[in-house]
Every structure is written in C-alpha cells, then in structure tokens.
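Open the model in your viewer and have the selection tool ready. The stops below say what to select next and what is there.

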Amino acid sequence: MTSGEAEVTAVEDKPTRLISGPGMLLVWFYGVMVVGAVSRSAYQISTDFQRAPLAYSLSAVAGIVYGFITYTLVRGGETARRAALACCAAELAGVLLVGTWTLVDHSAFPDTTVWSYYGAGYIFIPVLLPISAMYWLRKAQNTVKP
C-alpha cells in the first residue's frame with residue numbers, strides 16, 4: 001500500500017463531522033430539548049402518570065428521539081446523517097400528528113406534551129427544529145463522504 005492509499009483509507013475511516021457551522025447550533029438546540037423533554041416526562045411519569053399516561057409517554061418518546069438525533073449529529077458520517085434525517089422526518093411527522101390531534105380533540109390530552117399544539121409550550125421549537133435539521137442534513141449530504 002502506498003502512502004497515498006493509506007491517507008485515503010484513513011480519511012474514509014474517520015466520519016465527517018455534521019456539527020460544523022449551523023450543525024453546532026442544531027446540536028445545542030437538540031441538547032436543550034433532550035434535557036427539557038426527558039426531565040419533564042420523568043417528573044410527570046414518576047409523580048402523576050395516571051393523570052395523562054399518553055401525554056407523558058409521548059413526551060418521553062420525544063426526549064428519546066431528541067437524544068438519538070443529538071447523538072447522530074455528534075457522531076458524524078454518512079450513516080449517522082441518514083439516520084438523523086430519517087429520525088427528523090419521523091419527529092416532524094409526530095409533531096404534526098400530535099399537534100393536530102391536540103387541536104382537534106382537547107380531551108385526548110388532559111395535560112400537554114412536548115409536541116402539543118405543534119410545540120407552542122416550547123416556542124414552536126419542536127416543529128421548527130426538525131425542518132431546520134432536515135435542511136441542514138440534506139445540505140450536508142454533499143460534504144459527507146461515505
């Protein structure tokens with residue numbers, strides 16, 4: 001193996017970072033959302049789960065999704081980029097579904113979730129974040145080498 005081939009192999013083994021530029025801001029926002037969603041759901045589930053089990057469980061799921069997306073952004077590489085993109089699409093679908101559900105049937109959620117009313121309790125970050133992340137991840141597709 002020549003020195004040039006060794007350099008190419010070393011570059012291919014190291015995942016390209018997804019957290020340069022706007023990606024770092026996404027990691028920060030997702031990190032804040034992880035803390036918010038997980039701590040909120042942990043408190044609600046441990047103190048008053050029977051009041052709104054669906055709402056509290058959905059908040060826990062949101063926290064897990066945010067955590068996974070944060071991890072994949074930090075991990076970097078093409079596989080992580082694709083996983084983050086799929087997770088962001090699922091997150092957006094969840095926000096839209098739960099947001100619409102809370103508008104249509106208020107009684108289904110005796111207490112709010114992170115995604116209730118499209119994330120109004122979180123300044124609409126839950127609906128804006130996956131859109132921003134998907135845009136960034138699609139843009140990053142051109143810079144991430146498999």
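**Stop 1**

Select Leu25, which lies in helix α2 (residues 22–48). Helices here are DSSP runs of H or I with at least four residues, numbered from the N terminus. This is a predicted model, in which local features need pLDDT of at least 70 and side-chain atom pairs count only at pLDDT 80 or more, while totals for chains, interfaces and linings use all residues. Residues are numbered from 1 along each chain as its sequence is written, and side-chain values use heavy atoms, with hydrogens and water left out.

**Stop 2: α2 and α3**

Show α2 together with α3. Their axes are 8 Å apart, and the helices pack at an angle of about 150°. Axes are lines fitted to C-alpha atoms over the stretch in contact, and angles run from 0 to 180 degrees between N-to-C directions. That angle makes α2 roughly antiparallel to α3, a term used for angles over 145 degrees. The crossing of α2 and α3 is left-handed, meaning that the near helix is turned anticlockwise from the far one by less than a right angle.

**Stop 3: α3 and α4**

Now select helix α3 (residues 53–75) and α4, whose axes are 9 Å apart at an angle of about 155°. α3 and α4 are therefore roughly antiparallel to each other. Residues making the contact include Leu54, Leu58 and Tyr66 of α3, and Ala80, Cys87 and Trp101 of α4. Contact means heavy atoms within 4.5 Å.

**Stop 4: a salt bridge**

How many salt bridges does the structure hold? There are 3. A salt bridge is a side-chain nitrogen of Lys or Arg within 4 Å of a carboxyl oxygen of Asp or Glu. Select Arg51 and Asp111, which form one of them, with the closest N and O atoms 3.1 Å apart. Arg51 is in the loop between α2 and α3, and Asp111 is in the loop between α4 and α5, so the pair links distant parts of the chain, 60 residues apart.

Terms used
Helices (H or I, at least four residues) and strands (E, at least two) are DSSP runs, numbered from the N terminus. Angles under 35 degrees count as roughly parallel, over 145 as roughly antiparallel, 65 to 115 as roughly perpendicular and the rest as oblique.
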